[in-house]
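Student: I would like to learn how to read a few features of a protein model. Can we go through them one at a time?

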Amino acid sequence: MKISEVIAAVEAYAPLRLQEEYDNAGLQVGFPDDELTGVLVCLDVTEEVILEAVASGCNLILSHHPLLFHPLRQVSDSTYQQRCVVSALANGLTIYSAHTNLDNARGGVNFKIAGIIGLQSVSWLQPMPGEDAGSGIIGELPEAMDDHSFLAMLKDCFNAACLAHTAASGRMIRKVALCGGAGAFLMHDARRAGADCFITGELHYHDYFESEGMLLAAMGHYESEQFTEELLATIVSDAFPLLKVVLTDIDTNPVRYK
């Protein structure tokens, strides 16, 4: 089969029209008409990941975060993006990214996060006009939890080294809004929707002053989206059960904590 067949399956699940205007989801590098040897799934494309794909015999890297957000002014060895492009082409690899189109799709990244937390009756936080899609989701826990217990559960479920959050006071948490990655732009939507808590990967310092009593929790960009690898692998494996699909063994999180 051709690489383009896997790309078509991913785009059937998360059409490119659902991506945000600033994004560059889709084909990053390579040749979709090449015969497919296997798929390596990752969150981020790094030089190590490219070497891992070569070693595992996979000529398609399927990532969540695009390697190329902005056009390259040159292709040399001066940045890691340029080195990745050179290495991918030299080794006959194709790189494809499903980013905000997968964030915004039904059953996408935010639904994966909601499933891990156990949210029920989920709906779009910011619906996309004319589409069954949107930014962020909101749902309810099966049973209310006090905020201390909820934060502890969140930290455990996502294996987060730490959480950045507003003060916990013992309030009960039942209605939860969330957005993986950099979701601060949805904080006010969450509050208007009556959420007891808003969860995302990153928040700005001043966002914490504007919580207006709603619990805010930022678990880290990577931590919030780490299970996207499983989601992408499932999408491909469901479409092609006999296809070789490999999850990266490399922790690409660039952030460390002491």
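Student: Is Tyr-222 buried or exposed?

Tutor: Keep in mind that this is a predicted model. Burial is read from relative accessible area, and under 20% counts as buried. Tyr-222 has 16%, so Tyr-222 is buried.

Student: Where is Tyr-222 found, and what does Tyr-222 touch?

Tutor: Tyr-222 is in helix α8. Leaving out residues up to four places away in sequence, Tyr-222 touches Leu-43, Asp-44, Asp-251, Thr-252 and Asn-253.

Student: Which residues of α6 are buried?

Tutor: Start with the general idea. An α-helix has 3.6 residues a turn, so residues three or four places apart point the same way. In α6 the buried residues are Asp-147, Phe-150, Leu-151, Met-153 and Leu-154. Viewed down the axis of α6, these residues fall within an arc of 160°, so they line one face of the helix.

Student: What covers the buried residues of α6?

Tutor: The cover includes the helix α5 (109–117) and the strands β6 (134–146), β7, β8 (172–179), β9 (197–200) and β10 (215–218).

Student: What caps the N-terminal end of α6?

Tutor: Asp-146 does, with a side-chain oxygen 3.0 Å from the backbone nitrogen of His-148. Just after α6, Asn-159 takes a positive phi of about 50°.

Student: How many residues does the largest nonpolar core have?

Tutor: The general idea comes before the count. In soluble globular proteins, nonpolar side chains tend to be buried together. Here the largest nonpolar core has 49 residues, and those with the most contacts inside it are Val-6, Ile-117, Phe-150, Leu-154 and Ile-199. Not counting residues up to four places away in sequence, Ile-199 touches Ile-117, Phe-150, Leu-154, Val-176, Ala-177, Leu-178, Cys-179, Ala-217 and Met-219. Another core, of 17 residues, lies apart from the largest one; Val-29, Val-45, Leu-67 and Ala-88 are among its residues.

Student: How many aromatic pairs does a search of the whole structure find?

Tutor: The search finds 3 aromatic pairs. To classify a pair, look at the angle between the ring planes: over 60 degrees counts as edge-to-face. Phe-158 and Phe-227 form an edge-to-face pair, at 5.8 Å centre to centre and 70° between the planes. This pair links distant parts of the chain, 69 residues apart: Phe-158 is in the loop between α6 (147–157) and β7 (164–165), and Phe-227 is in the loop between α8 (221–225) and α9 (228–239). Phe-158 counts as buried at 0% relative accessibility, and Phe-227 counts as buried at 19%.

Student: Why is the pair of Tyr-205 and Phe-209 edge-to-face?

Tutor: Their ring planes stand at 75°, with the centres 5.4 Å apart, so the pair is edge-to-face. Tyr-205 and Phe-209 are both exposed.

Student: How many disulfides does a search of the whole structure find?

Tutor: It finds 0 disulfides. The test is distance: two cysteine sulfur atoms must lie within 2.5 Å. For Cys-84, the closest cysteine sulfur belongs to Cys-42 and is 9.7 Å away, which is too far for a bond. Cys-162 is in no disulfide either, as the nearest cysteine sulfur, that of Cys-197, is 16 Å away.

Student: Are Cys-84 and Cys-162 buried, exposed or partly exposed?

Tutor: Cys-84 counts as buried at 0% relative accessibility, whereas Cys-162 counts as partly exposed at 34%.

Technical notes. Residues are numbered from 1 along each chain as its sequence is written. This is a predicted model: local features need pLDDT of at least 70, side-chain atom pairs count only at pLDDT 80 or more; totals for chains, interfaces and linings use all residues. Side-chain values use heavy atoms; hydrogens and water are left out. Buried means under 20% relative accessible area, exposed over 50%, partly exposed in between (1.4 Å probe, protein chains only). Rings of Phe, Tyr and Trp (its six-membered ring) pair if their centres lie within 6.5 Å; planes under 30 degrees apart count as stacked, over 60 as edge-to-face and the rest as tilted. Helices (H or I, at least four residues) and strands (E, at least two) are DSSP runs, numbered from the N terminus. The arc is that of the directions from the helix axis to the C-beta atoms. Contact means heavy atoms within 4.5 Å. A polar contact is a pair of N or O atoms within 3.5 Å; within protein, one must be able to donate a hydrogen and the other to accept it, and residues adjacent in sequence count only if both atoms are side-chain atoms. A nonpolar core is a set of buried Ala, Val, Leu, Ile, Met, Phe, Trp, Tyr and Cys residues joined through side-chain atoms within 4.5 Å.
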